[in-house]
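This briefing is intended for a reader meeting the structure below for the first time. Please keep the sequence and the three-dimensional view at hand while reading.

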Amino acid sequence: MSMPPDPRLDGLEVYLVGGAVRDARLGWPVGDRDWVVVGATPEALRQRGFKPVGRDFPVFLHPDTHEEYALARTERKQGHGYTGFEVHASPEVTLEADLARRDFTINAMAETPTGELIDPYGGADDLAARRLRHVSAAFVEDPLRVLRAARFLARYRKLGFTIAAETMALMRQLTDSGEMRYLVAERVWTETHNALGEADPSAYFQTLEACGALAVLMPPLATPSLPEALARLEPVPDESNSHSVALWRWARLGEHLEDDEQSRLNDAVKAPNAFRDAMRLAALSRRLRHRIGGQRPDDGGEDRADAIMTWLDGIDAWRRPERVAPLLALIAHDDGGLADDLALAWRLASQILPKALLAEGFRGPALGEELSRRREATVREALASR
């Protein structure tokens with residue numbers, strides 16, 4: 001993509017790199033644009049008004065566009081995990097050397113400001129072949145790349161992408177080496193959260209399972225029930241934004257787990273409280289489906305009204321009514337009849353308010369007991385008439 005002249009860049013050797021180059025050629029929406037500057041020093045960029053923002057290596061924000069400009073650099077492994085690198089940035093580092101440190105060939109392409117492609121590692125060919133392939137053997141120096149491979153496949157698998165066999169072999173090597181254990185939980189969650197919002201989130205977890213990383217990072221998911229769990233990721237009850245999509249996909253992924261296994265899973269990745277709560281609520285709803293799903297009031301089975309009231313109490317519907325609609329949508333995907341009964345029960349029971357009972361003289365524990373009794377009686381009567 002050709003760019004208009006920018007006086008602040010006069011005399012600098014600048015290249016567009018990474019995702020913007022890749023996605024433009026894929027016809028995918030282009031997000032942030034990142035640039036590499038070759039042959040310059042930090043002082044040279046400061047003198048042009050660029051603001052330094054990099055903590056571990058020299059990255060600057062353009063004073064007008066606020067896009068990131070990083071000095072060309074190389075990296076050398078010094079320790080464990082994805083942070084154990086020694087960074088070397090200097091005017092002597094070439095564009096090819098900077099691109100060589102990147103994870104996949106499709107991310108190791110660059111463009112000049114006039115739109116000329118520079119592709120020393122075959123990224124364009126891999127893009128055409130819909131293939132995720134590592135740039136070099138240095139791939140095994142960074143365990144985070146296993147998660148990135150899985151996340152990119154979650155994004156692009158519906159376009160026909162696969163992971164190259166030789167790259168998958170290196171991912172297994174990374175897992176077998178024990179390097180995955182050095183990834184901090186917060187970083188695992190960041191990649192997982194992003195993958196949950198991609199077009200094909202199942203690809204993320206299937207890839208981690210295939211290379212052995214799932215058992216290391218999220219043990220409660222690494223079971224024979226994983227395919228069943230992944231089949232529940234679509235649809236979600238709220239598709240209003242990417243956060244809601246990720247939230248409910250995570251909830252569905254772990255709704256089959258017992259409470260202790262849910263805690264283990266959420267603790268392993270340090271999932272935020274909202275995601276933990278959503279998973280717990282989805283599990284309560286799943287258990288309700290298993291208890292009375294498909295059962296009618298005259299089936300002679302467990303009392304339907306009592307089970308529904310227990311569910312409403314369990315999700316704290318009286319104080320958190322906003323929880324009801326998405327959970328009803330979740331249940332409707334599996335059992336429309338139950339969802340209809342729950343919607344009716346909620347509509348009627350929520351109309352019985354403490355204020356009316358206070359006017360009748362109920363106080364203290366007696367108020368709560370009578371409120372529950374009347375709500376359940378209303379639900380029972382309504383269900384019996386259906």
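The model shown is a predicted one. Its chain contains 18 helices and eleven strands. The radius of gyration is 27 Å, well over the 21 Å that the globule rule gives for 386 residues, so the chain is more spread out than a compact globule.

**Overall form**

- Taken along the principal axes, the C-alpha atoms of the chain fill a box of roughly 85 × 45 × 35 Å.
- Of the 386 residues in the chain, 47% are buried.
- The accessible surface amounts to about 17700 Å², and carbon and sulfur atoms contribute 50% of that area.
- Among contacts in the chain with a separation of 6 or more, 63% are between residues 24 or more positions apart.

**Charges and salt bridges**

- The chain carries 49 positive and 60 negative side chains, and the centres of these two sets lie 3 Å apart.
- Side chains of opposite charge can pair when their charged atoms come close.
- The count of salt bridges in the model comes to 34.

**Pairs near the start of the numbering**

- Asp-64 and Arg-8 form a salt bridge in which the closest N and O atoms are 2.9 Å apart. This pair links distant parts of the chain, 56 residues apart: Asp-64 belongs to the loop between strand S4 (59-61) and strand S5 (68-71), while Arg-8 belongs to the segment before strand S1 (13-17).
- Asp-64 is partly exposed, with a relative accessibility of 48%, and Arg-8 is also partly exposed, with a relative accessible area of 30%.
- A salt bridge also joins the side chains of Glu-67 and Arg-33, at 2.7 Å from N to O. Glu-67 lies in the loop between S4 and S5, and Arg-33 lies in the loop between helix H1 (19-26) and strand S2 (34-38), so the pair ties together parts that are 34 residues apart in sequence.
- Both Glu-67 and Arg-33 are buried.
- Arg-102 and Asp-98 meet through their side chains in a salt bridge of 2.8 Å, N to O. Both of these residues are buried.

**A network of salt bridges**

- Which residues are linked in a network of salt bridges? They are Glu-228, Arg-232, Arg-252, Glu-255, Arg-286, Arg-289 and Asp-334.
- Arg-286, one of these residues, is located in helix H13 (residues 273-292).
- Is Arg-286 buried or exposed? Its relative accessibility is 15%, and the cut-off for a buried residue is under 20%, so Arg-286 counts as buried.
- When neighbours within four places in sequence are left aside, Arg-286 is in contact with Glu-228, Arg-232, Glu-255 and His-256.

**Backbone features**

- Glu-234 and Pro-235 are joined by a cis peptide bond, with omega at about -10°. Pro-235 is placed in the loop between helix H10 (226-231) and helix H11 (242-254).
- His-66 is not a glycine, yet it has a positive phi of about 65°. His-66 sits in the loop between S4 and S5 and is exposed, with a relative accessible area of 54%.
- Lys-270 is likewise not a glycine and has a positive phi of about 55°. Lys-270 is in the loop between helix H12 (259-269) and H13, and its relative accessible area of 46% makes it partly exposed.

Definitions and conventions:
Residues numbered from 1 in each chain as written. Predicted model: local features only at pLDDT ≥ 70, side-chain atom pairs only at ≥ 80, totals over all residues. Heavy atoms only, no water. Helix = DSSP H or I, 4+ residues; strand = E, 2+ residues; numbered from the N terminus. Rg over C-alpha atoms; globule rule 2.2 N^0.38 Å. Buried < 20%, exposed > 50% of the residue type's maximum accessible area, 1.4 Å probe, protein only. Contact = heavy atoms within 4.5 Å. Areas by Shrake-Rupley, 256 points an atom, 1.4 Å probe, with all protein chains shown as cover. Lys, Arg positive; Asp, Glu negative; His and termini not counted. Charge placed at Lys NZ, Arg CZ, Asp CG, Glu CD. Salt bridge = Lys/Arg side-chain N within 4 Å of Asp/Glu carboxyl O.
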